[in-house]
Amino acid sequence: MQTLRDRIAIVTGASRGAGRGIAVELGAAGATVYVTGRSTHSAPASGYGSFLESTGMSVMPGSIDDAADEVTAAGGRGIPVRCDHTDSTQVQALFERVEREQGKLDILVNNAWGGHETFSLAALNAPFWEQPLAHWQSMFEHGVRNHVLACQLAAPTFLRQKRGLIVTTTFWDRDRYLKGNLFYDLAKAAMNRLAFAVAEEMRPHGVTSLAVSPGWMRTELVLAGHEADESSWHTRAALARTESPRYLGRAVAALAADPDVRKKSGTVQLVGELAREYGFTAADGRVIPPFEI
């Protein structure tokens with residue numbers, strides 16, 4: 001059912017992974033989706049040298065062009081917009097374009113994330129005193145800051161409309177600590193607090209803000225790291241607890257279609273719990289329970 005027909009959405013960082021899964025499911029529900037990111041057919045995103053070296057890949061998979069095409073094929077309308085979300089000028093131009101072309105904005109999904117820019121196998125699960133301080137820039141300056149900026153630029157449209165939904169993708173497991181991932185843990189906690197703070201300030205204006213936490217997603221990068229793809233992942237025992245990014249996408253689409261979503265404003269929602277509440281499943285028909293560390 002196209003429950004989001006005539007809705008306008010921006011999904012940041014949608015070339016691959018969580019953002020792409022969300023964009024496609026919003027499209028399947030009928031939405032027009034501005035698919036943003038740095039990776040295009042002609043120019044893959046730069047800055048991932050150490051990650052690519054550690055995984056043996058030559059280029060990051062995915063592009064905003066392919067993701068937008070997939071949105072359209074799913075039943076919506078995908079519009080690719082190249083945007084470096086660390087560049088305030090480019091982000092402002094994105095929101096001005098949406099306002100000019102659509103005259104409104106219904107859904108903002110904050111997902112652009114730079115954490116992979118400083119990824120290395122050597123630092124994975126290392127104690128905090130062995131973690132590179134470069135994670136601060138990739139996860140805060142190229143992560144949390146992206147979301148703050150997008151919220152600020154979306155606010156005037158939402159305030160004028162007296163409605164709107166802001167969804168921030170995050171990770172949360174009932175306040176358990178992600179041992180060996182101090183910077184990641186701090187960044188996700190900041191995103192959770194951002195969703196709460198924005199909800200507190202915008203609730204009187206009819207705007208909803210919340211965070212959504214998936215489990216261990218079977219992204220293109222996770223699959224590459226296990227030398228698998230969507231047709232073979234089930235043969236890898238290590239991937240048994242994974243879920244498709246489109247499971248997260250269905251959660252966001254269900255929230256966007258819920259007329260009472262404002263009741264969840266300021267909270268962190270677990271995808272596995274939303275699946276039970278709204279009655280959606282993963283692509284293979286499973287209801288995957290909330291991820292636990």
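1. Let me start with the pair Arg250 and Glu25: in this predicted model they form a salt bridge, with the closest N and O atoms 3.3 Å apart. The pair joins distant parts of the chain, since Arg250 sits in helix H8 (residues 245–257) and Glu25 in helix H1 (residues 17–28), 225 residues apart.

2. Arg20, Glu25, Glu70, Arg246 and Arg250 are linked in a network of salt bridges. The count for the structure comes to 17 salt bridges.

3. Two other pairs may be handy for your checks. Glu200 and Arg203 form a salt bridge with their closest N and O atoms 2.9 Å apart; Glu200 is partly exposed at 42% relative accessible area, and Arg203 is partly exposed at 39%. Arg262 meets Asp260 in a salt bridge at 3.6 Å, N to O. Here Arg262 counts as exposed, at 51% relative accessibility, whereas Asp260 is partly exposed at 33%.

4. On backbone angles, most residues other than glycine have a negative phi. Asp6 has a positive phi of about 75° although it is not a glycine. Asp6 lies in the segment before strand S1 (8–11) and is exposed, with a relative accessible area of 60%. Lys162, also not a glycine, has a positive phi of about 60°. Lys162 is in the loop between H5 and strand S5 (164–169), and it is exposed, with a relative accessible area of 60%.

5. Now to Gln131, in the loop between strand S4 (107–110) and helix H5 (134–161). Is Gln131 buried or exposed? Gln131 counts as buried because its relative accessibility is 11%, which is under the 20% cut-off. Leaving aside neighbours within four places in sequence, Gln131 is in contact with Ala123, Asn125, Ala126, Gly180 and Phe183.

6. For the surface, have a look at Leu133, Trp136 and Leu186, which make a nonpolar patch of about 330 Å². Leu186 belongs to helix H6 (residues 182–202) and is partly exposed, at 37% relative accessibility.

7. The structure holds 1 cavity of 30 Å³ or more, and the largest cavity has a volume of about 30 Å³. Which residues line the largest cavity? The lining is made by Ser213, Pro214, Gly215, Leu270, Val271, Gly272, Pro290 and Phe291.

Key
Residues are numbered from 1 along each chain as its sequence is written. This is a predicted model: local features need pLDDT of at least 70, side-chain atom pairs count only at pLDDT 80 or more; totals for chains, interfaces and linings use all residues. Side-chain values use heavy atoms; hydrogens and water are left out. Helices (H or I, at least four residues) and strands (E, at least two) are DSSP runs, numbered from the N terminus. Buried means under 20% relative accessible area, exposed over 50%, partly exposed in between (1.4 Å probe, protein chains only). Contact means heavy atoms within 4.5 Å. Patches are made of residues with over 30% relative accessible area and no salt bridge: like charges are joined within 9 Å, nonpolar side chains (Val, Leu, Ile, Met, Phe, Trp, Tyr) within 5 Å. Accessible areas come from the Shrake-Rupley method with a 1.4 Å probe; for residues, only the protein chains shown count as cover. A salt bridge is a side-chain nitrogen of Lys or Arg within 4 Å of a carboxyl oxygen of Asp or Glu. On a 1 Å grid over the protein atoms alone, a cavity is a set of points where a 1.4 Å probe fits but cannot get out, and a pocket is an open set with protein on both sides within 12 Å along at least five of seven lines; lining residues have an atom within 4 Å of a point. Grid points are joined across faces, edges and corners, and a volume is the space filled by probe spheres set on the points.
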